[in-house]
Structure formats: C-alpha cells, structure tokens
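Hi everyone, thanks for making time this morning. Have a look at the sequence and the structure on the screen, and I'll walk you through a few parts of it.

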Amino acid sequence: MHRDAAQRITLGLSVLLLVGLAALIIGLEVSRGEMPPQFRVIPDYEAATKTEGAWSLPVMITNTGDLAADAVRVDIVRPVAGEDPEIAELEFVFVAGGEQVAGVAVFDERPTAETIEIDVQSSTEP
Amino acid sequence: MRIHAPTVTTHPWRAECDVYARAVGGALLFGVPLLFTLEMWWLGESMSRIQLLGFLVVGLVANTMLAQMSGFRPGHHTLRDDIAQACQAMAVGIVISIVVLLVMGRIDTGSSLAGVVGSVAVQVLPLSLGATVANLVFGPDAGRTGSTSRSGTPLRDLGNDVLATIAGAIFVGFAIAPTEEVPMLAAGLDAVGMLAAVGLALFAGYLIVFASGFDPVHRERQVGGLFQHPFSETMLAYVISLISAAALLYGFDQISGDDPAYSILAQVIVLSIPASIGGAAGRVVV
C-alpha cells in the first residue's frame, strides 16, 4: 500500500511511541534495584488545621524502596502522659516503589514535632 | 474481512484524522471498562518488566493478526501494512491510557515513573485490541442496521436516540457502578479533574458517533431534528448519561441523599465517562 506523507508521519510517531515505551521498560529494568519497600513518613506540622475541635495533620508517605507494597499501615502516635496514647492509623491499599501517597492524621490536641511519634507498622507483598 | 472507506476524503491529513478517530473510538469502546479496574492499575506497578515487555510483544502479534481480519484502515493490506497498523493501534492505546489515567488522577506528581510506565503498558493491550477490532463490530455499514438514512420523523429519531443512549449507558455503566473504583476515583477528583472528566466524556461521545464513521447516518450529519445536530446530540446524550450514571449509583447504594453533594457529583461524573461511551455505542448500533 502506498503511504502518503501524513501516513508516514503518523506511522513514524506511532513507532516512536511504542519503541519509547519499550525502551523505558527496559531502562527501568536495567536500573532497577531489588530494595524491599521502605517508607519515609513526613508530617506537615505547619499545615495542621483545627476543625470542629480536632486537629488534622497532613502526612506524606513515600515508598523509597524499589518494590511495591500492599496494605501499608502507618501509625502516627501522640503519647499522653498517664493515659493511653492517641493513635491515628493510616492505611494505604497499594504503594508502588518510589510512589508518594498522602494521608491525614486526626488528633485531639495540636500535633507538633515534639509530641508526635511515627511508627510504620506493616505492609505486605503484592 | 476488508473494510472500505466510510467516506471519500481527498486531503491526506483529513483522511488520517478519520482513521485515527475510528481507532480511538474503538479503543474507548472496548477498553474503557478495564481502565476503571483497580487491579489493572496495580498490576502494572507490581509486575516484572519482563512481563510488561511480554504484554507489548503479545499486543503487537495479536493486533497484527486482527489487522489482517479487520483493522481500522480501509483498503487491502499486506503483512507489512498489518504490522504498521498494529504499531499504530498500540500507540493509540498508549495515548488513551495516559490521557484517561491523567484525567482520573491515577497519574499525578506523586506517581513514580516505574508505576506510570507499568500502568500504561498493561492498559495498552486491551485498548489497542479495541482499536483494531472496532471495524469488525462497528463496520461503516453496521450503523442503523445498514441504512444510510433515518427513516422516522425527527421526534421518532429523537426517541430512538434517547432510548439507545440510555440502553448503552446502562449496559456499560452497570458493570462499573457497583465497584469500589468509582468512589475511589471520585475521592481524588478536584474541580479541575471533574471538568476534565466531563470534557473527556463529551469528547468520547462525539468521537464515537460523529467522527469515527462507525455510523454513516451520523457521519453524513443527516440532520433530522434538534437532537441530531452533532453539538446538541452530544450535549443531550451526555446529560442522559449523567442521569443514567446517577440512577445506577443510587440503585447500587453507592450514593444517597445523605451524602455530601460534592461526593455525589464526583461519583456521577466519574461514572459518566463509561456511561457516555456506552450511550454513544448504543446510538451507533441501534
């Protein structure tokens, strides 16, 4: 079949896209590590807001490992002297390697860097 | 089966746009339910790269074989043409998966490159197969049971289109409405995302009915009434898709009168994308 200029250009772009995707996959495979999932948890204390008597603390969780994780559970804990600690449980169904996900922890008192402890509880392999 | 050109166009770029409109229309029709499947998003992010490459190879082979039977380009094909068409179908699949995943908020600044590449690579196979087989199901002679004109009165045509839109929207939306994906996607949509989702649904509806050439009646724009004008038909069909989506979500207890208005609106808009695509398919087929 004879191809006109338009057909040649669109075919060229299509092949470029396809080869580009394949090259990305190969590049990622070559550069990929096998580091298991690890989580960096960064609460944004300055962005904490008070709504209806409760403090909402935005939290950013990054999987710094190479592999994905299922059922990721992170506890944000505020110890209370003489009482049970206040625990905000954050659960993420799926976090890919290198992916960043966001959550919000809710507390009775204003959360600060001095009053909050972070505890990554568990995750499973997809 | 060889497909003949739906219309005679002289300008090469116009003809090329027609060909890609058919491919995109087919990909949306057949692939969109899978784009709304949670496991499909995650599979690509957790699968090995070798498996992903395997998907691309299988896609290329399967599309080449299907292109021999159908394909979205008119005229006689050689094997080289079929391979070229398979590459183009897969490129269409890549672009559509990126656009839909972006609109649905599955790709954002927090996504890892590996996750994005994996998600796209997994979605390419069903989308590209949809692009390639579309002509088998929606050949240019298939619309309106082979008729190239509308025989009823404008009011009857309007009634037929409304019923076909409702039937198609419910047919496609029924499988997606009860799933967790709808509220999950809706929760991540901000106002811009909602507008983008509306735009995508309108674009898909217009493309499938008027630009793809699947239906010669619509293609020739044989206006039989207010609803048959491309702009008004697309808008009215989308409103019907929205109503159908809301009814389905309500029927499956996904939304209720007690839910926040924003949540209801976001869920209805999310489901309106497949509903709009289904409604457009309904109007093409009936």
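**A helix in chain B, then the strands of chain A**

Let's start with helix H10 of chain B, residues 230–251: at 1.5 Å a residue its 22 residues should span 32 Å, and the end C-alpha atoms are 31 Å apart, which agrees. The expected span here is 1.5 Å times one less than the number of residues. Helices (H or I, at least four residues) and strands (E, at least two) are DSSP runs, numbered from the N terminus.

Before I go on: this is a predicted model, where local features need pLDDT of at least 70 and side-chain atom pairs count only at pLDDT 80 or more, while totals for chains, interfaces and linings use all residues. Residues are numbered from 1 along each chain as its sequence is written, and chains are lettered from A and ligands numbered from 1 in the order in which they are written.

Back to H10(B). Which residues of H10(B) are buried? Among them are B:Tyr238, B:Ile240, B:Leu242 and B:Leu249. Buried means that 20 or more other C-beta atoms lie within 10 Å of the residue's own, with C-beta atoms placed from the backbone. The cover over those buried residues includes helix H6 (154–176), helix H8 (191–211) and helix H11 (261–285) of chain B. After H10(B) comes B:Asp253, with a positive phi near 60°.

Now, how do the two chains meet? In chain B, 28 residues are in contact with 27 residues of chain A; contact means C-beta atoms, placed from the backbone, within 7 Å. On chain B's side, H4(B) gives the most, with 7 residues.

Over to chain A and its strands. Two strands pair if DSSP finds at least two bridges between them.

E2(A), residues 49–51, is joined to E3(A) by 3 bridges, and A:Lys50 stands opposite A:Trp55. In that hairpin, 2 residues lie between the strands, and A:Glu52 takes a positive phi near 50°.

Methods:
Buried ≥ 20, exposed ≤ 12 C-beta atoms within 10 Å, placed from the backbone. Contact = placed C-beta atoms within 7 Å.
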